[in-house]
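Student: I am new to this structure and would like to study it through a series of questions. May we look at it together?

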Amino acid sequence: MAGRFRHLPPLDSLAAFEAVSRLGSFTRAADELCLTQSAVSKQIRALETSLGIRLFVRKARGVELSSAGAIYQHDVLSALQGLEIAGQRLSARQHPDTVSVLATHAVSQFWLFPRLLSFSAEHPDITVHIHASNEMQPFMVPDHDLAILYGEGDWPALAATPLIQEDIYPVARPEVVQDEVTSLEALAQQPLIQLDSSWNCMNWPGWFAHFGIRYHPPKSDLTFNQLTLTYAAIQRGAGIGLAWHFMAADAIASGKLVRVTEYRANTGLAEHIVYDRSQPLSTAATLFRDWLIADAFGEKTTTTMLS
């Protein structure tokens with residue numbers, strides 16, 4: 001085996017590469033890895049030498065990935081995540097009271113995390129590991145006990161139960177909306193926080209199209225590529241943005257945010273709790289799954305206003 005993998009770079013150099021590429025700084029990467037900056041620089045130089053390519057472009061402030069480095073980052077991240085998941089699965093076999101769950105960042109932060117606190121209080125003997133990723137796909141589910149997956153629920157290899165029906169509406173901080181906005185036409189004239197995401201996530205053009213209105217976002221509008229970033233901008237008063245009900249319900253109830261118009265889009269899609277049909281769930285995973293389903297179905301539902 002040693003001969004077969006003799007060309008692999010040291011694992012610590014890959015960890016250094018991942019940290020620098022994510023943080024854009026040797027200094028910040030060194031702090032995160034509890035190393036000196038020179039040690040991190042030495043690892044990166046050794047990695048670049050072994051590969052024969054330049055992974056980073058040095059800038060006046062920090063570093064940026066080269067074109068080759070960006071390709072390598074994708075492969076390294078997948079490999080490191082695979083190692084992490086393999087370790088979690090092995091640990092789960094040794095510790096049957098451990099449950100691993102895959103979910104997007106938004107679902108993990110705004111829906112799953114608060115419920116995890118309640119579940120842990122009721123079942124302190126069960127440990128739940130959350131793996132948040134916006135790159136999740138159905139083929140990744142078998143690497144975890146459970147996953148929360150977005151779609152229609154038609155995955156033949158997966159057992160799926162809907163948890164969160166998709167319900168999307170515009171929100172803002174109360175002081176942002178100076179004049180009452182009651183129509184979709186008036187809303188379209190407002191400066192809106194835009195979402196330009198590479199994954200399947202409704203943006204403003206899609207939301208307006210749900211009501212039969214064509215909308216083209218102006219280039220001057222504030223734009224983010226992550227749902228959690230657009231919601232953070234909404235919370236800070238940067239403008240009006242789209243929010244998913246599972247994210248915004250508590251903030252609206254407390255008065256921190258208000259809905260802008262009464263229009264909401266229910267797409268018929270949902271976040272589903274899923275698991276691989278070929279792998280029977282452990283007792284702990286079954287308990288956590290059933291607890292989440294009971295909690296989800298115990299929540300109040302709302303009615304969509306159609307145009």
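This is a predicted model: local features need pLDDT of at least 70, side-chain atom pairs count only at pLDDT 80 or more; totals for chains, interfaces and linings use all residues.

Student: What is the phi of threonine 261?
Tutor: Most residues other than glycine have a negative phi. Threonine 261 is not a glycine, yet its phi is positive, at about 75°.

Student: Is threonine 261 buried or exposed?
Tutor: Buried means under 20% relative accessible area. Threonine 261 has 7% relative accessibility, and therefore it counts as buried.

Student: Which loop holds cysteine 34, and is cysteine 34 buried or exposed?
Tutor: Cysteine 34 lies in the loop between α2 (26–33) and α3 (37–51). Its phi is also a positive value in a residue other than glycine, near 60°. Exposed means over 50% relative accessible area. Because its relative accessibility is 71%, cysteine 34 counts as exposed.

Student: Where does the kink lie in α5?
Tutor: Helix α5 (residues 105–122) has 18 residues and reaches 24 Å from its first C-alpha to its last, close to the 26 Å expected. The kink is about 50° and comes shortly before proline 114, at leucine 112.

Student: How many aromatic pairs does a search of the whole structure find, and why is the pair of phenylalanine 110 and tyrosine 231 edge-to-face?
Tutor: The search of the whole structure finds 12 aromatic pairs. For phenylalanine 110 and tyrosine 231, the ring centres are 5.0 Å apart. Planes over 60 degrees apart count as edge-to-face. The pair is edge-to-face because its planes stand at 85°.

Student: Which helices hold phenylalanine 110 and tyrosine 231?
Tutor: Phenylalanine 110 counts as buried because its relative accessibility is 16%, and tyrosine 231 does so at 1%. The pair ties together parts that are 121 residues apart in sequence, because the two residues lie in helix α5 and helix α8 (residues 227–235), respectively.

Student: At what angle are the ring planes of phenylalanine 119 and phenylalanine 288?
Tutor: Phenylalanine 119 lies in helix α5 and phenylalanine 288 in helix α10 (residues 283–297), so the pair ties together parts 169 residues apart in sequence. Phenylalanine 119 counts as buried at 0% relative accessibility, and phenylalanine 288 counts as buried at 0%. The ring centres are 4.7 Å apart, and the pair is edge-to-face because the planes are at 65°.

Notes. Residues are numbered from 1 along each chain as its sequence is written. Side-chain values use heavy atoms; hydrogens and water are left out. Helices (H or I, at least four residues) and strands (E, at least two) are DSSP runs, numbered from the N terminus. The expected span of a helix is 1.5 Å times one less than its number of residues. The bend at a residue is the angle between axes fitted to the seven residues ending there and the seven starting there. Rings of Phe, Tyr and Trp (its six-membered ring) pair if their centres lie within 6.5 Å; planes under 30 degrees apart count as stacked, over 60 as edge-to-face and the rest as tilted. Buried means under 20% relative accessible area, exposed over 50%, partly exposed in between (1.4 Å probe, protein chains only).
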